[in-house]
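Please read the sequence alongside the coordinates. The text below goes from the whole chain to its parts.

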Amino acid sequence: MQLGIVSDTHGHVPYALEAVRMLESLDVKAVLHCGDIGSADIVGLFSPWPTHFVFGNVDHDEDDLRRAIADAGQTCHGRFGRLELAGRKIAFLHGDDGALLRQAIASGEWDLVCHGHTHVARNSRQGDTLVLNPGALYRANPHSIALVELPALEATIISL
């Protein structure tokens with residue numbers, strides 16, 4: 001199963017569309033958005049897949065975003081997402097709460113921890129946990145997303 005990971009769209013529709021086109025070409029089955037959605041306009045762009053959203057530090061109008069996510073038939077996880085896909089336990093959050101991010105990584109509870117916030121891609125392991133930051137779709141050079149093959153937990157950062 002191919003899982004797409006995006007973060008830090010900051011409401012920038014043209015950059016988010018670049019990511020959507022890439023995800024369409026990769027035959028992903030689901031998408032995680034690791035926060036800083038930035039605008040309800042972003043949510044509908046991810047309608048081709050079951051998409052799971054968390055909030056970041058620039059997501060000031062959480063009520064509006066929750067409505068947009070619900071209206072699109074997608075899933076809002078608030079500030080911390082928990083999923084099990086293809087037998088793998090996945091946590092995802094924005095990462096602006098550094099203590100929460102460090103705790104999720106160090107806990108050993110998750111096979112995969114995804115985050116954004118830094119606008120810098122990261123693909124590393126801490127013990128048995130794969131830690132992944134897809135980079136950002138706004139204020140990053142290059143813009144990037146990530147792809148994870150489940151259940152193998154093989155991650156690739158993709159520059160757009």
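Predicted model: local features only at pLDDT ≥ 70, side-chain atom pairs only at ≥ 80, totals over all residues.

The protein chain contains four helices and eleven strands. Its C-alpha trace spans about 40 × 30 × 30 Å along the principal axes. A compact globule of 160 residues would have a radius of gyration near 15 Å, and the 14 Å of the protein chain agrees with that. Of the 160 residues, 51% count as buried. Among contacts with a separation of 6 or more, 51% are between residues 24 or more positions apart.

Six strands make up an open sheet with mixed pairing, in the order 4-3-2-1-10-11. Strand 4 (75-76) and strand 11 (154-159) are at the edges and have a single partner strand each, so one side of each has no neighbour in the sheet. Within the sheet, strand 2 (residues 30-33) and strand 3 (residues 51-53) run parallel and are joined by three bridges. Leucine 32 stands opposite histidine 52 of strand 3.

The largest nonpolar core has 22 residues, of which Val6, Leu23, Val31, Ile37, Phe46, Trp49 and Ile145 touch the most other members. Two or more residues of this core come from each of helix 1 (13-25), helix 2 (40-43), helix 3 (62-71) and strand 10 (144-149). Helix 1 gives the largest share, four residues. A second, separate core holds 19 residues, including Ile90, Phe92, Leu112 and Leu150.

Isoleucine 145 can be followed in detail. Neighbours within four places in sequence aside, isoleucine 145 is in contact with Ile5, Val6, Ala19, Met22, Leu23, Pro134, Leu137, Thr156, Ile157, Ile158 and Leu160. Histidine 143 lies in the loop between strand 9 (129-133) and strand 10. Is histidine 143 buried or exposed? Its relative accessible area is 13%, under the 20% limit, so histidine 143 counts as buried. Not counting residues up to four places away in sequence, histidine 143 touches Tyr15, Glu18, Ala136, Leu137, Tyr138, Ile158, Ser159 and Leu160.

Strand 9 itself is mostly covered, with five of its five residues buried. Thr129, Val131 and Asn133 point one way from the strand, while Leu130 and Leu132 point the other way. Strand 9 pairs with strand 7 (residues 112-114) in the parallel sense over three bridges, and with strand 8 (residues 122-126) in the antiparallel sense over five bridges. Strand 8 and strand 9 form a hairpin with two residues between them. In the turn, glycine 127 has a positive phi of about 65°.

Helix 4 (residues 98-106) contains leucine 100. Leucine 100 has 29% relative accessibility and therefore counts as partly exposed. Apart from neighbours within four places in sequence, leucine 100 is in contact with Phe80 and Leu93. From C-alpha to C-alpha, leucine 100 and aspartate 71 are 29 Å apart in space, and they are 29 residues apart in sequence.

Conventions:
Residues numbered from 1 in each chain as written. Heavy atoms only, no water. Core = buried A, V, L, I, M, F, W, Y, C linked by side-chain atoms within 4.5 Å. Buried < 20%, exposed > 50% of the residue type's maximum accessible area, 1.4 Å probe, protein only. Contact = heavy atoms within 4.5 Å. Pairing = 2+ DSSP bridges. Rg over C-alpha atoms; globule rule 2.2 N^0.38 Å.
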